[in-house]
Amino acid sequence: MKKSKLLTQIDYLGHAFYDKDDSSKLKNPILLKQIHSFEVIRVKKNTDTMQSADALVTCVPGLKLTLRTADCAPVLLADKKRGVIGAAHAGWKGALSGVLETTILEMVRLGAWPSNIVAAIGPCIHVDSYPVDTDMKRLFTENVQPFFVSYPDGTTHFNLPDYVAYRLRRAGVQSVDLIDIDTYTDKHYNSYRRSPSDPARQFSAIWIKG
């Protein structure tokens with residue numbers, strides 16, 4: 001289990017990035033049916049019903065907003081002063097479609113200010129482990145081409161955590177923390193790229209202390 005140094009400084013907040021073994025210890029997670037979209041759900045109470053979306057926000061204490069990932073980036077967010085939190089599942093498709101921006105917008109609707117929001121990017125696949133094809137690259141506009149890196153073997157790799165951080169900062173989030181763990185190379189974490197037939201995922205969660 002890992003924690004963000006920036007999020008840990010917020011007194012009202014609880015959070016954790018769990019590895020594949022620790023994930024079973026999380027009690028009462030609020031989960032989504034994640035679909036690689038920009039859809040955000042505002043959570044008002046505990047529920048066992050999984051809605052289709054890729055982000056959660058709340059201002060209600062005790063609700064554990066939880067993400068399931070295995071290479072995509074789990075992003076946990078909190079306003080330092082106003083008691084508003086969010087969690088966003090950001091693979092390249094979700095990040096490109098705007099899931100981080102819609103999460104921040106929904107947090108603002110609950111009273112947050114972008115300049116007060118702290119974000120932490122959890123364990124995810126890193127650039128050395130993430131070769132991609134040219135069809136994917138064409139979907140991105142030229143101003144994000146620096147996140148595609150050409151390697152000596154002729155392959156092109158995508159820098160997911162840096163792209164996620166770029167989208168967060170462009171949306172007004174000034175404080176961004178990165179948990180520097182590559183899920184593909186670190187066997188403590190599930191990785192879809194490493195084991196595509198394995199359905200297991202690790203959890204990342206954030207909550208307002210009750």
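1. At 54% relative accessibility, R109 counts as exposed, whereas E106 is buried at a relative accessible area of 13% (buried means under 20% relative accessible area, exposed over 50%, partly exposed in between, with a 1.4 Å probe and protein chains only). The side chains of these residues, E106 and R109, meet in a salt bridge at 3.0 Å, N to O, a salt bridge being a side-chain nitrogen of Lys or Arg within 4 Å of a carboxyl oxygen of Asp or Glu.

2. This is a predicted model, in which local features need pLDDT of at least 70 and side-chain atom pairs count only at pLDDT 80 or more, while totals for chains, interfaces and linings use all residues. Residues are numbered from 1 along each chain as its sequence is written, and side-chain values use heavy atoms, with hydrogens and water left out.

3. The structure holds six salt bridges. One of them joins R167 to E101, with the closest N and O atoms 2.7 Å apart; because R167 lies in helix α5 (residues 160-170) and E101 in helix α3 (residues 99-109), the pair ties together parts that are 66 residues apart in sequence. Helices (H or I, at least four residues) and strands (E, at least two) are DSSP runs, numbered from the N terminus.

4. Strand β8 (residues 117-121) is mostly covered, with five of its five residues buried. Strand β6 (residues 73-79) pairs with β8 in the antiparallel sense over five bridges, and β8 pairs with strand β12 (residues 175-178) in the parallel sense over four bridges, where pairing requires that DSSP finds at least two bridges between two strands.
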